[in-house]
Amino acid sequence: MGILSKAEPYEVFKYFEEICAVPHGSGDMDKIAEYCVSFAKSNNLEYVHDDANNVIIYKNGTKGYEDHPPVILQGHIDMVCQKTEESTIDFEKDGLTIYTEGDFVKADGTTLGADNGIAVAMIMAVLASDKLSHPPIEAVFTTDEEIGMIGAGKLDVSLLKSKRMINLDSEEEDVLTVSCAGGSDFKARLDVKRKTVSAKRVQVTVSGLLGGHSGVEIDKGRVNANILMGRILNTVRESADFGIISVNGGDKGNAIPLLSVAEIATCDVERFMKAFEDCKDLLDMELKGREKDMEISATLGGDGDYQVLDDDCGEMLMYFMMHTPNGIVDMSAEISGLVETSLNIGILKTEDSFVYAQYALRSNKSSALDYLQQKMINFAKFLGFSTEITGRYEPWEYQNNSALQELYTKTYTEVIGKPPKVEAIHAGLECAVFSASIPGLDCIAIGPDMTGVHTTEEKLSISSTGKIFDVLCRVLEKM
């Protein structure tokens, strides 16, 4: 019996606990794909395991449902791997340490991966059951969703017959998601030259920020550590001269970075520290109301000879950090409260010979995404950066005549006692990829309550998972 053996429904959490024990960070899909294959074999179910490590598992319709139209149940098997500074986990080798706290499942010092492990667990519980009534099921477990929906983009959809799909990658129990943003990954690189200076090393650190998902939390006023670091360095530079050794913040393009570290070298130590403290005091007063655990620090290192960016490259990087577009670009005119277009600088890395930045671009309108991409290309190239755009996926457009939306809304209302909220979201969902590649696909996205997704504060509601699983099973019975 596992940690979640008393959770309801137990079968769902049995599989979730097994998934948590298997390393499955984005880009490291071999072990979790083999787990899915092993599950199919142990349940005598047909499956396909493709070169992108996507796994499709087929189950026939139950008695009386054999000739009903099939349905796709879909979730992704990768997770965003984030950990606290104290955590010693090796995400490539170690499983997660999970525990319960009241109604919630959490992970010790790491992301939980309920996004989207709980979807896989619910689907497996359906596939393994001999008690549920349902039409033929095509269970689709995709890879590397968190780094550009790569698996879904490589999936051979000719392996699927269904024109109906239930995606389980939503994060609010009472929300029925019917549309999502499209997006792309924008990458910029500046080749740099260095010079040697004799100076004192100083480490500037921004830490303790909330971070979060760049689609879901982009409108929550959360501070981006890379943007804040740019502000700090530009402010201090007005009073003290210094050279940049490195600036590093964030490791996921679609996560709002919660940590940024700059290594600099200065001969103006006294003026640097005075300007830094003044800046820190100002930012504490300005931002502590929304980032209560924010810490900004400067630690003195040793004297020595250091390789810093030369004057031109240092100037370009400082300008780039200070002026880069970031955050909300436009709100929707059609849907109240919906962020229509945004971007997030999720990664800023410094190597010996280059500086690299990666953004997640999003828009619910294809034309607006095109414009944002061109704007970023022009901005970066003007400063001497080379650019690349990858992982483009189109928005999932709203359908106002969806039979699946109607069935789910009716069933949810019967089970829960009130109708779900029907919403569009600014985050990306694989529904967009499937809708673009399967003509006429009727698609919805659902899921249980979870918060703190993509952060070490991620937690999943046990009771909400039970409710959504119940609704899912009843929807399948009516299909």
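A residue is called buried when its relative accessible area is under 20%, exposed when that area is over 50%, and partly exposed in between, with a 1.4 Å probe and protein chains only. The model is predicted, so that local features need pLDDT of at least 70 and side-chain atom pairs count only at pLDDT 80 or more, while totals for chains, interfaces and linings use all residues. Residues are numbered from 1 along each chain as its sequence is written, and side-chain values use heavy atoms, with hydrogens and water left out.

Strand β18 (residues 354-363) is mostly covered, with nine of its ten residues buried; strands here are DSSP runs of E with at least two residues, helices are runs of H or I with at least four, and both are numbered from the N terminus. Two strands pair if DSSP finds at least two bridges between them. Strand β17 (residues 339-350) runs antiparallel to β18 and is joined to it by nine bridges, the two being linked by a hairpin of three residues, and Lys349 has Tyr356 of β18 as its bridge partner. Strand β9 is also antiparallel to β18, with ten bridges between them, and Ala188 stands opposite Ala357 of β18.

Asp185 lies in β9, which spans residues 182-191. Beyond its neighbours within four places in sequence, Asp185 is in contact (heavy atoms within 4.5 Å) with residues including Gln358, Tyr359, Ala360 and Glu388. Asp185 is buried yet has no salt bridge, and Lys187, the nearest side chain of opposite charge, is 5.6 Å away, whereas a salt bridge requires a side-chain nitrogen of Lys or Arg within 4 Å of a carboxyl oxygen of Asp or Glu.

How values were computed. Lys, Arg positive; Asp, Glu negative; His and termini not counted.
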